[in-house]
Amino acid sequence: MAAYIVVQVDVTDPDTYDTYRKQVAPTIEAFGGEFVVRGGSMEVLEGEWPYARCVVLKFKDAETAKAWHSSDAYAPLLKLRQSASKGNMIVVDGV
C-alpha cells in the first residue's frame, strides 16, 4: 500500500534550505519515492496551518518511506534541512 510523507515547513535560512532542496531529490528517487507536492501555493480551508510550506512525498509503502528517512544517503541532508527550517513530518498510509 502506498504511503506518504507529509511535511509542514517554515524555512528559517533560505540559502541553506535551497542547498538542501537542490540535493534531496536523488535520495528520494533512490528509494522509489516521488514528490506529489513541493511547496506550491496554499490556502487554508479549515483550522490552522502554522507553516508556510507543505511537501508531500509518495513511496510504495511506509517501510520504504521510513527507510529513506533513516538512510545514510539522507542523513547529511536531514541535518541540513533541520538547520535551515523548522516543521513537522509524518508518514501516513494511503488508501
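User: In what order do the strands of the open sheet lie, and is their pairing parallel or antiparallel?

Analyst: Strands of a sheet pair through backbone hydrogen bonds, and the pairing may be parallel or antiparallel. In this predicted model, the open sheet has 4 strands in the order 2-3-1-4, and the pairing is antiparallel. Strand 2 (34-38) and strand 4 (85-93) each have a single partner strand and stand at the edges, so one side of each is left without a neighbour in the sheet. Direction ignored, neighbouring strands of this sheet are turned by 20 degrees against each other on average.

User: How many bridges join strand 1 to strand 4, and which residue is the bridge partner of Q8?

Analyst: Strand 1 (residues 3-11) and strand 4 run antiparallel and are joined by 9 bridges; within this pairing, Q8 has N88 in strand 4 as its bridge partner.

User: Which strands does helix 1 touch where it packs on the sheet, and which does helix 3 touch?

Analyst: Helix 1 (residues 14-29) packs on the sheet with contacts to strand 1, strand 2, strand 3 (53-59) and strand 4, and its direction makes about 145 degrees with that of strand 2. Helix 3 (residues 75-84) also packs on the sheet, touching strand 1 and strand 4, with its direction at about 130 degrees to that of strand 4.

User: At what angle do the axes of helix 1 and helix 3 cross, and which residues meet there?

Analyst: The two axes come within 9 Å and cross at roughly 150 degrees, which makes helix 1 roughly antiparallel to helix 3, given that angles over 145 degrees are counted in that way. The crossing of helix 1 past helix 3 is left-handed. Among the residues that meet are Y17, Y20 and V24 in helix 1, and L77, L80 and R81 in helix 3. Classified by residue type, this contact has 6 nonpolar, 5 polar and 1 charged residues.

User: Which residue forms a salt bridge with D18?

Analyst: The partner of D18 is R21, and their closest N and O atoms are 2.5 Å apart. Because D18 and R21 lie 3 residues apart in helix 1, about one helical turn separates them. The count for the model comes to 2 salt bridges.

How values were computed:
Residues numbered from 1 in each chain as written. Predicted model: local features only at pLDDT ≥ 70, side-chain atom pairs only at ≥ 80, totals over all residues. Heavy atoms only, no water. Pairing = 2+ DSSP bridges. Helix = DSSP H or I, 4+ residues; strand = E, 2+ residues; numbered from the N terminus. Axes fitted to C-alpha atoms, helices over the stretch in contact; angles between N-to-C directions. Contact = heavy atoms within 4.5 Å. Parallel < 35°, antiparallel > 145°, perpendicular 65-115°, else oblique. Left-handed = near helix turned anticlockwise from the far one by under 90°. Nonpolar A, V, L, I, M, F, W, Y, C, P; charged D, E, K, R; others polar. Salt bridge = Lys/Arg side-chain N within 4 Å of Asp/Glu carboxyl O.
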